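Visitor: Before any labels go on, please show me the model. I want every term set against its cut-off.

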Amino acid sequence: MTDFDTLVSTSDIVTVHIPLNQQTKQLINKAVFKKMKNTTLFINTARGGIVNERDLIDALKNGDIAGACLDVFESEPLPMDSELRNLGNVILTPHTAGLPDGRKFHKNRYDFFIKNIKRVENGEEPESKLNQIL
């Protein structure tokens, strides 16, 4: 057991596994990132609101931490214009990293997408049509 400051300042990997509530909202912020080693990998699979996303982006861009793996975001889905999408030291997953059989889930999902793309290429209707242009 150790205190929070010692934990974040000595860990090579910091991974978040807490609920989002009044005490944890924006818990991981600029001050916390500054305490981390510049070689630290930060992982959040808990809730997006626990992390101040702007502070995380700044920490990643400034080299305060080495990288981040994120399965959750302050705003979900992650906005298309989020800087997180363009940083080379970030891995993003679609809030499914915690599924017991995530690899199988994603394989089925991508097989479905590929099948529909091929159907459209062949002049056929896709299996499912959403957001149609009228």
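**Labels and cut-offs**

Guide: The backbone nitrogen of E74 sits 2.9 Å from a polar atom in the side chain of E53. The model is predicted, so local features need pLDDT of at least 70 and side-chain atom pairs need 80 or more, whereas totals for chains, interfaces and linings use all residues. Numbering starts from 1 along each chain as its sequence is written, and side-chain values use heavy atoms, without hydrogens or water.

Visitor: What makes the pair of E74 and E53 a polar contact?

Guide: The distance is 2.9 Å. A polar contact needs N or O atoms within 3.5 Å; within protein, one must be able to donate a hydrogen and the other to accept it, and residues adjacent in sequence count only through side-chain atoms on both sides. The 2.9 Å pair therefore qualifies.

Visitor: Where is E53 found?

Guide: E53 belongs to helix α3, residues 53-62. Helices are DSSP runs of H or I with at least four residues, strands are E runs of at least two, and both are numbered from the N terminus.

Visitor: What makes E53 a charge without a salt bridge?

Guide: E53 is buried, and its nearest side chain of opposite charge, R54, is 8.5 Å away. Lys and Arg count as positive, Asp and Glu as negative; His and the chain ends are not counted. A salt bridge needs a Lys or Arg side-chain nitrogen within 4 Å of an Asp or Glu carboxyl oxygen. At 8.5 Å, R54 therefore makes no salt bridge with E53.

Visitor: Which residues is E53 in contact with, leaving aside neighbours within four places in sequence?

Guide: F73, E74, L78 and L84. Contact means heavy atoms within 4.5 Å.

Visitor: Which residues of α3 are called buried?

Guide: E53, D55, L56, I57, A59 and L60. Buried is under 20% relative accessible area, exposed is over 50%, and partly exposed lies in between (1.4 Å probe, protein chains only). Their cover includes α2, β2 (41-44), β3 and β4.

Visitor: What caps the N-terminal end of α3?

Guide: N52 does, with a side-chain oxygen 3.1 Å from the backbone nitrogen of R54. After α3 comes G63, with a positive phi near 75 degrees.

Visitor: Why is D71 called buried?

Guide: D71 has a relative accessible area of 3%, so it falls under the 20% limit. D71 sits in the loop between β3 and β4. Its side chain makes a polar contact of 2.4 Å with that of T93.

Visitor: Why is the pair of D5 and K35 called a salt bridge?

Guide: The N to O distance is 2.8 Å. That is within 4 Å, so the label holds. D5 lies in helix α1 (4-10) and K35 in helix α2 (30-35), so the pair ties together parts 30 residues apart in sequence. D5 is partly exposed at 36% relative accessibility, and K35 is partly exposed at 36% too.

Visitor: How many salt bridges does a search of the whole structure find?

Guide: Seven. One of them joins E83 and R54 at 2.7 Å, N to O. That pair links distant parts of the chain, 29 residues apart: E83 is in the loop between β3 (67-70) and β4 (90-92), R54 in helix α3. Another joins R119 and E124, with the closest N and O atoms 3.8 Å apart. Shared partners join R54, D58, K61 and E83 into one network.

Visitor: What makes Q26 stand out?

Guide: Q26 is not a glycine, yet its phi is positive, about 60 degrees. Most residues other than glycine have a negative phi, and most peptide bonds are trans. Q26 is in the loop between β1 (13-16) and α2.

Visitor: What kind of peptide bond joins E76 and P77, cis or trans?

Guide: Cis, with omega about 0 degrees. P77 is in the loop between β3 and β4.

Visitor: What makes the nonpolar surface patch?

Guide: Y110, F113, I114 and I117 make a patch of about 390 Å². Patch residues have over 30% relative accessible area and no salt bridge; nonpolar side chains (Val, Leu, Ile, Met, Phe, Trp, Tyr) are joined within 5 Å, like charges within 9 Å. Areas come from the Shrake-Rupley method with a 1.4 Å probe; for residues, only the protein chains shown count as cover. I114, in helix α4 (102-121), has a relative accessible area of 44%, so it passes the 30% limit.
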